[in-house]
Amino acid sequence: LHLCDRRQRQMCIRDRVTGIQLTVNSSFCTISWDALDDVDGYEIMISSPGEEDQFQTCLSNKTALNYVPGASYRVRGFKDYYGTSVYGEFSNSVSS
């Protein structure tokens, strides 16, 4: 994890998650992506038409979620610094 400017407390664009894949089953979906070096975890943003965005935190680069038809998913890494989470940029989205 490289910090562009510690005062801004944000991760660099080069720390963006890539390689996102979504596998859909009838009741759940599995989302996976290329792991980032030196992060404490990942945050997934789930966007559904007409609904508020939902966020889920996970520690690995693969997780199963409830299937939501028409939803899109974006992922970003985070690193904890003395009780403060520093988030990277969200990835491009994948849709179910």
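**Labels and their grounds**

Reply: Phenylalanine 78 has a relative accessible area of 8% and is buried. The model is a predicted one, in which local features need pLDDT of at least 70, side-chain atom pairs count only at pLDDT 80 or more, and totals for chains, interfaces and linings use all residues. Residues are numbered from 1 along each chain as its sequence is written, and side-chain values use heavy atoms, with hydrogens and water left out.

Me: Why is phenylalanine 78 called buried?

Reply: Buried means under 20% relative accessible area, exposed means over 50%, and partly exposed lies in between, with a 1.4 Å probe and protein chains only. Phenylalanine 78 has 8%, so the residue is buried.

Me: What makes the pair of phenylalanine 78 and tyrosine 87 tilted?

Reply: Rings of Phe, Tyr and Trp (its six-membered ring) pair if their centres lie within 6.5 Å; planes under 30 degrees apart count as stacked, over 60 as edge-to-face, and the rest as tilted. Here the centres are 5.7 Å apart and the planes stand at 45°, so the pair is tilted. Tyrosine 87 itself is partly exposed, at a relative accessible area of 30%.

Me: How many aromatic pairs are there by this rule, and what kind do tryptophan 33 and tyrosine 42 form?

Reply: The count is three. Tryptophan 33 and tyrosine 42 form an edge-to-face pair, with 5.2 Å centre to centre and 70° between the planes. Both residues are buried.

Me: What makes a set of residues a nonpolar core?

Reply: A nonpolar core is a set of buried Ala, Val, Leu, Ile, Met, Phe, Trp, Tyr and Cys residues joined through side-chain atoms within 4.5 Å. The largest one here has 16 residues, and those with the most contacts inside it include Trp33 and Tyr42. Strand 4 (28-32), strand 5 (41-47) and strand 8 (72-81) each supply at least two residues of this core. Strands are DSSP runs of E of at least two residues, and helices are runs of H or I of at least four, numbered from the N terminus.

Me: How do you know whether tyrosine 82 is buried or exposed?

Reply: The relative accessibility of tyrosine 82 is 85%, so this residue counts as exposed. Tyrosine 82 lies in the loop between strand 8 and strand 9 (84-87), and has a positive phi of about 50° although it is not a glycine.

Me: Why is aspartate 38 called partly exposed?

Reply: Aspartate 38 has 44% relative accessibility and therefore counts as partly exposed. Its place is in the loop between strand 4 and strand 5.
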